[in-house]
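Reader: Hi! Could you walk me through this model in plain words?

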Amino acid sequence: RMRAEQALRESEERFRAAVEGFPHGFVLYDAERRFVYLNRWAQETIKHSLAEVAGKRDEDVHPEALTRAYLPYLERAMETRATQTFEWTLPVEFGGMTLIVTYVPHVDAAGALAQILAITYDITERKRAEEALKESEQRLRAANQDLEQFAFSVSHDLREPLRTISIYSELLRASLPPDLSPEAGMFLSTIENNSIRMAELVRDLLAYTRASDEPVRTEEQTSCADALGRACDALRSG
């Protein structure tokens, strides 16, 4: 018996040490919804010690502005004997923390309510990070829309002079004698080819800015030889 009692005390001490070091709230109510136990985090959060709240109910400790937000969940857990979980952001005047609160009712062998365990997780930092990420996404989306509009405007403006270059190149080739010197022919062909390349670049730029709005396509095979050839042609033209 002494060994069993010693083992029980050691088990209770380990359990208490674990609960006290738990980085979130751990609160125990009796069947009448009176405080029985609060771990260190809960006491520091509500700014009341266990001795100050033991035997009291929430409405005896907290203002109605707070209790009206969570008491319905606690009472529902007591009535239904079912776990209740909800997310709750406290008013700014009470700290503004965002919490996930879970009420777990315990029943005895006869089916009567014995106690209610309340576990509170502080997710304030996570919510702030989520909000910051959401704001960043919104700014990025707005920037992408501005970029797309700018690229569309630029591509439209650039197409006109390229079209003019192409038309006048054709007119120039038609007006020149057939026995055009190889050097002059090379110059004219360079103008024509580069105007075509520039038009393709403008088109590709516009397509690139719209890529995020298009559904993701499956992988496709491409020819490395073609890509290398186009790169070499671009270098030669430069």
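Author: Happy to; we'll go through the sheet, then some single residues, then the charged pairs.
Author: This is a predicted model, where local features need pLDDT of at least 70, side-chain atom pairs count only at pLDDT 80 or more, and totals for chains, interfaces and linings use all residues. Residues are numbered from 1 along each chain as its sequence is written, and side-chain values use heavy atoms, leaving out hydrogens and water.

Reader: Great. What is the order of the strands in the open sheet?
Author: The order of the five strands is E2-E1-E5-E4-E3, with antiparallel pairing. Strands (E, at least two residues) and helices (H or I, at least four) are DSSP runs, numbered from the N terminus. Two strands pair if DSSP finds at least two bridges between them.

Reader: And which are the edge strands?
Author: E2 and strand E3 (84-89) are the edges, as each pairs on one side only. On average, neighbouring strands of this sheet are turned by 20° against each other, direction ignored.

Reader: How many bridges join E1 to E5?
Author: Six, and E1 and strand E5 (residues 113-122) run antiparallel. Gly25 stands opposite Thr120 in E5.

Reader: Which helix packs on the sheet?
Author: Helix H5 (residues 64-80), touching E1, E3, strand E4 (98-107) and E5. The direction of H5 makes about 175° with that of E3. Contact here means heavy atoms within 4.5 Å, and axes are lines fitted to C-alpha atoms, for helices over the stretch in contact, with angles running from 0 to 180 degrees between N-to-C directions.

Reader: How many bridges does E3 have with E4?
Author: E3 and E4 pair over six bridges in the antiparallel sense. For instance, Thr89 has Thr98 in E4 as its bridge partner.

Reader: What does Val107 touch?
Author: Not counting residues up to four places away in sequence, Val107 touches Arg81, Ala112, Leu113 and Ala114. Val107 lies in strand E4 and is partly exposed, because its relative accessibility is 45%.

Reader: Now the charges. How many salt bridges does a search of the whole structure find?
Author: Ten. A salt bridge is a side-chain nitrogen of Lys or Arg within 4 Å of a carboxyl oxygen of Asp or Glu.

Reader: What does Lys127 pair with?
Author: Lys127 forms a salt bridge with Glu87, with the closest N and O atoms 3.2 Å apart. That pair links distant parts of the chain, as Lys127 is in helix H6 and Glu87 in strand E3, 40 residues apart. Lys127 is partly exposed at 21% relative accessibility, and Glu87 is partly exposed at 45%.

Reader: And which residue meets Arg163 in a salt bridge?
Author: Glu160, at 2.7 Å from N to O. Both lie in helix H6, three residues apart, which is about one turn of the helix. Arg163 is partly exposed, with a relative accessible area of 42%. Beyond that pair, salt bridges that share partners join Glu87, Arg126, Lys127 and Glu130 into one network.

Reader: Last one: what does Ser195 touch?
Author: Leu162 and Ile165, not counting residues up to four places away in sequence. Ser195 lies in helix H7 and counts as buried because its relative accessibility is 8%.

Note on methods. Buried means under 20% relative accessible area, exposed over 50%, partly exposed in between (1.4 Å probe, protein chains only).
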